[in-house]
Amino acid sequence: MINKYVIAPGKIRRKIVNPRIILLDCPLEYKKGENQTNAELVKEEDWGVLLKMEEEYIENICMQILKFKPDVVITEKGLSDLACHYLSKAGVSAIRRLRKTDNNRIAKACGAVIVNRPDELQESDVGTGAGLFEVKKIGDEFFAFIVDCKDPKACTDATCVARNIIKNPKLVPGGGATELTVSATLKQKSSSIEGIEKWPYEAAAAAFEAIPRTLAQNCGVNVIRTMTALQGMHANGENAWMGIDGSTGVISDMKDRKWSLNQLYGHGQIWDAYNVKSQTFKTAIEAASMLLRINDIVSGIKKKQATGAGQAPSKPKIEEEGDADNEQMFPE
């Protein structure tokens, strides 16, 4: 599913069964010069010659694509009105300015190969593994769906989670419970340290509370009361399973959570993969440390410049003939 709409929707098909899909990583429009380009028009017919050159260039690109008889053309770059005219005239649905990540997913799902130049297209590059291409309107936005794929290889979030669990079968409670437990542990550690060395522990403890605070804000509950109650539960290192239910905003046990959907009641659990959680913590701390190092370098440069600015410029020394003989060629 991609949040994109086909070009010229009134003339192009919105539903295609077993589509032939071509994926591009190049613009379907007239190339602009890399540097400033000047064109001197002497006669009135010169302007028509320029326009004809542009039309022939776009037509040549489109003909190279259309000879493979595609149903859908998707490009990561721009698509000119003239190219849209040639494609729609041939009954081809076109989508432009697609994100690179989405293009890679479509390629894995339908078996297509992303091509950089239309003249390098081959029959093996055309994706024929999709069962249905359809454009639907959800709310006020249009979405393009490529479904019923024969041999999909797109790695979805669920597949990535399953892979992480298989590689390292460890789980931690979700709903902000893990972050609150780590935050409480850091606060206890900081209370046993004196001086400014305790500040990093307190800063990291406050940063870990951003996840449960964000969950409370998204649920629409009273953030201050919810965070105060959770901090009290985790203060002594107890109630490590207590977190925020993202559906209701209620504080509950993550390993024995009640949920409701369409008046149906049952039990569920909220877990996070240990690999993902630990990597998130490491990345956040490394990013903060890198910013602090950069800040130290920048502040050191500014101090050095400020110290040098107050000194008067010294007179240039004129080298004499005797100095050249006494100069050491190599350091001692």
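Where is Thr-178 found?

Mentor: The model is predicted, and what follows should be read with that in mind. Thr-178 is found in helix H5, which spans residues 177–191. With a relative accessibility of 11%, Thr-178 counts as buried, since the limit for that class is under 20%. Neighbours within four places in sequence aside, Thr-178 is in contact with Val-172 and Pro-173, and also with Lys-277 and Phe-281.

From this single residue, the account may turn to the nonpolar interior. In soluble globular proteins, nonpolar side chains tend to be buried together. The largest nonpolar core here has 22 residues. Those with the most contacts inside this core are Ile-22, Leu-24, Leu-28, Ile-65, Val-73, Leu-79 and Leu-87. Three elements, namely strand E2 (21–24), helix H1 (45–66) and helix H2 (81–89), each supply at least two residues of the core. Helix H1 gives the most, with five residues. Apart from this core lies another, of 20 residues, including Leu-23, Val-72, Ala-107 and Ala-112.

Side chains of opposite charge can pair when their charged atoms come close. In this model the count comes to 14 salt bridges. One of them joins Asp-25 to Lys-77, with the closest N and O atoms 3.7 Å apart. Asp-25 lies in the loop between E2 and H1, and Lys-77 in the loop between strand E3 (72–75) and H2, so this pair ties together parts that are 52 residues apart in sequence. Asp-25 is buried, at a relative accessible area of 18%, whereas Lys-77 is partly exposed, at 36%.

Asp-25 also meets Lys-100 in a salt bridge, at 3.6 Å from N to O. Because Lys-100 lies in helix H3 (residues 100–110) and Asp-25 in the loop between E2 and H1, the pair ties together parts that are 75 residues apart in sequence. Lys-100 counts as partly exposed, with 41% relative accessibility. The side chain of Lys-100 forms a salt bridge with that of Glu-76 as well, at 3.5 Å from N to O. Here, too, distant parts of the chain are linked, with Lys-100 in helix H3 and Glu-76 in the loop between E3 and H2, 24 residues apart. Glu-76 counts as buried, at 12% relative accessibility. Through shared partners, these salt bridges join Asp-25, Glu-76, Lys-77 and Lys-100 into one network.

The strands come next. Strands of a sheet pair through backbone hydrogen bonds, either parallel or antiparallel. An open sheet of three strands has the order E1-E5-E6, and its pairing is antiparallel. Strand E1 (15–17) and strand E6 (141–147) stand at the edges with a single partner strand each, so one side of each has no neighbour in the sheet. From one strand to the next, the twist averages 25°. Strand E5 (residues 132–138) is joined to E6 by seven bridges, and Phe-133 stands opposite Ile-146 in E6.

The cysteines complete the account. The count of disulfides comes to zero. Cys-62 is in no disulfide, and the nearest cysteine sulfur, that of Cys-84, is 9.3 Å away. Cys-62 is buried, with a relative accessible area of 0%. For Cys-110, the closest cysteine sulfur is that of Cys-149, at 6.7 Å, which is too far for a bond, because a disulfide requires the two sulfur atoms to be within 2.5 Å. Cys-110 is likewise buried, with a relative accessible area of 3%.

Definitions and conventions:
Residues numbered from 1 in each chain as written. Predicted model: local features only at pLDDT ≥ 70, side-chain atom pairs only at ≥ 80, totals over all residues. Heavy atoms only, no water. Core = buried A, V, L, I, M, F, W, Y, C linked by side-chain atoms within 4.5 Å. Buried < 20%, exposed > 50% of the residue type's maximum accessible area, 1.4 Å probe, protein only. Helix = DSSP H or I, 4+ residues; strand = E, 2+ residues; numbered from the N terminus. Pairing = 2+ DSSP bridges. Axes fitted to C-alpha atoms, helices over the stretch in contact; angles between N-to-C directions. Contact = heavy atoms within 4.5 Å. Salt bridge = Lys/Arg side-chain N within 4 Å of Asp/Glu carboxyl O.
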